[in-house]
Every structure is written in structure tokens, then in C-alpha cells.
Amino acid sequence: MEHQNLYKGAPSRELDNAWEYLQHRNKSVVWPYVIDRIGKSRDAVSYPNARANQYYVDIEIFHQMRCLNLIRQYTYPDYYTQPAHRPSAFDDPAPVLRTKVDHCIDMLRQALLCQADVGIITADWVEQPPGSGRMAIVPDYSTEHKCRSFERVVQWADENAAPEGKPPRPEPRRELPV
């Protein structure tokens, strides 16, 4: 039997609120040595004066949660195309929205392959339908996982929150190739 939780089911205000928390929309800042350690360019977006040259960043788990939520919403078009429930991503032209969904699917594919959860899924014999005498093998998806503390990730992001608004654009601007 599939276990219920507050992140699945038919769309509702309560479900949307639960997903909103997982997306933790604020951006964070990191010091230049972090940019060096991850092999990124110091030309990345930063706060050159007010934040002592800290860099404007997002945390991958929050990006992944926004992507997964977009895919979830995309599977319920009757609900999420209604003006009262319409997420901002649905304001994009259909081809742009499709590109975002495809990006999300591929990004989550990469994350799943990278993390390669090797938890074991067992199965049980279950009479299907009940009272029929026919037995079927039904997977038990309630597996144990070894996880990081999401609350500690949120805490770090809050402790390292970027200032409100976007960082100033430097002059001269460096344009990235398209």
C-alpha cells in the first residue's frame, strides 16, 4: 500500500504550500574562496561593495525542488492553468515552458544518477483485487534512506542569505555567448 504524505495527491492550496517550503526561494552568498574551490569564474555575479565581494548563489537542492514542483504542476494542467492557481512559469509561451520542463527532467535525471540511491525495495504477495483469490507481487516502496538534514541546509541558506534584490551589474558588462 502506498503511504500518504503532504507532498503528493491532487492539487490543493495545502499541497502547494508544502511544496513552496521545499523550494526555499531566497538566494545565498558565498566568499570568493568558495567560487575558487568549485572551479567557477570570479566573473560570476557578486556584490562588489556592500557584501565584500560575496557571490550570489542558489543551492542545488532548492533548484531541484523548484524543478520537481514544476513537473508536478505540469502534470495537472486543468488545475494549474486556472488563473487562481497559475504558477508564474505557466505565463511563459508554451515552447518556453516545455523547454523549462525538459531542463528539469534532465537535471533531475543527472541528480538521481549522481546520487544513485541503492536502497532495497522488497515486494509482498497481495490479493488483487481483494477477495479475488488472485495474488500479485506488489512492491513495498517504504524504503529507508540515508539523508542529509534538509533543515540544516535551509538554516545555512538563511544564515547566508543574499540581500533583497539583484546584485548591481558591473560596468563594463561581460556578455556570455548564447
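**A helix, a core and the cysteines**

Guide: Helix 5 is followed by A116, whose phi is positive, near 35°. Helices here are DSSP runs of H or I with at least four residues, strands are E runs of at least two, and both are numbered from the N terminus.

Visitor: Before going on, what kind of model is this?

Guide: This is a predicted model, in which local features need pLDDT of at least 70 and side-chain atom pairs count only at pLDDT 80 or more, while totals for chains, interfaces and linings use all residues. Residues are numbered from 1 along each chain as its sequence is written, and side-chain values use heavy atoms, with hydrogens and water left out.

Visitor: How many residues has helix 5, and what distance does it reach?

Guide: Helix 5 covers residues 94-115, which is 22 residues, and reaches 31 Å from its first C-alpha to its last. That is close to the 32 Å expected at 1.5 Å a residue, where the expected span is 1.5 Å times one less than the number of residues.

Visitor: Which of its residues are buried?

Guide: In helix 5 the buried residues are L97, V101, C104, M107, L108 and A111. Viewed down the helix axis they fall within an arc of 130°, so they line one face of helix 5; the arc is taken from the directions from the helix axis to the C-beta atoms. Buried means under 20% relative accessible area, exposed over 50%, and partly exposed in between, with a 1.4 Å probe and protein chains only.

Visitor: And on the other side?

Guide: There P95, T99, L113 and C114 of helix 5 are exposed.

Visitor: What covers the buried residues?

Guide: The cover includes helix 3, residues 60-74. Q64 has its place in helix 3 and is buried, at a relative accessible area of 11%. Leaving aside neighbours within four places in sequence, Q64 is in contact (heavy atoms within 4.5 Å) with M107, L108 and A111.

Visitor: Which residues make up the largest nonpolar core?

Guide: That core has 12 residues: C67, L70, I71, Y79, Y80, A89, F90, L97, V101, C104, M107 and L108. Helix 3, helix 4 (77-80) and helix 5 each supply at least two of its residues, and helix 5 gives the most, with five. A nonpolar core is a set of buried Ala, Val, Leu, Ile, Met, Phe, Trp, Tyr and Cys residues joined through side-chain atoms within 4.5 Å.

Visitor: Is there one core or another apart from it?

Guide: Another core, of five residues, lies apart from it, and V30, V34, Y55 and V57 are among them.

Visitor: Changing topic: how many disulfides does a search of the whole structure find?

Guide: The search finds one disulfide, a disulfide being a pair of cysteine sulfur atoms within 2.5 Å. C67 and C104 form it, with their sulfur atoms 2.2 Å apart. The pair links distant parts of the chain, C67 in helix 3 and C104 in helix 5, 37 residues apart.

Visitor: Left-handed or right-handed?

Guide: The torsion about the S-S bond of C67 and C104 is about -65°, so the disulfide is left-handed.

Visitor: Are those two cysteines buried or exposed?

Guide: C67 is buried, with a relative accessible area of 4%, and C104 is buried, with 3%.
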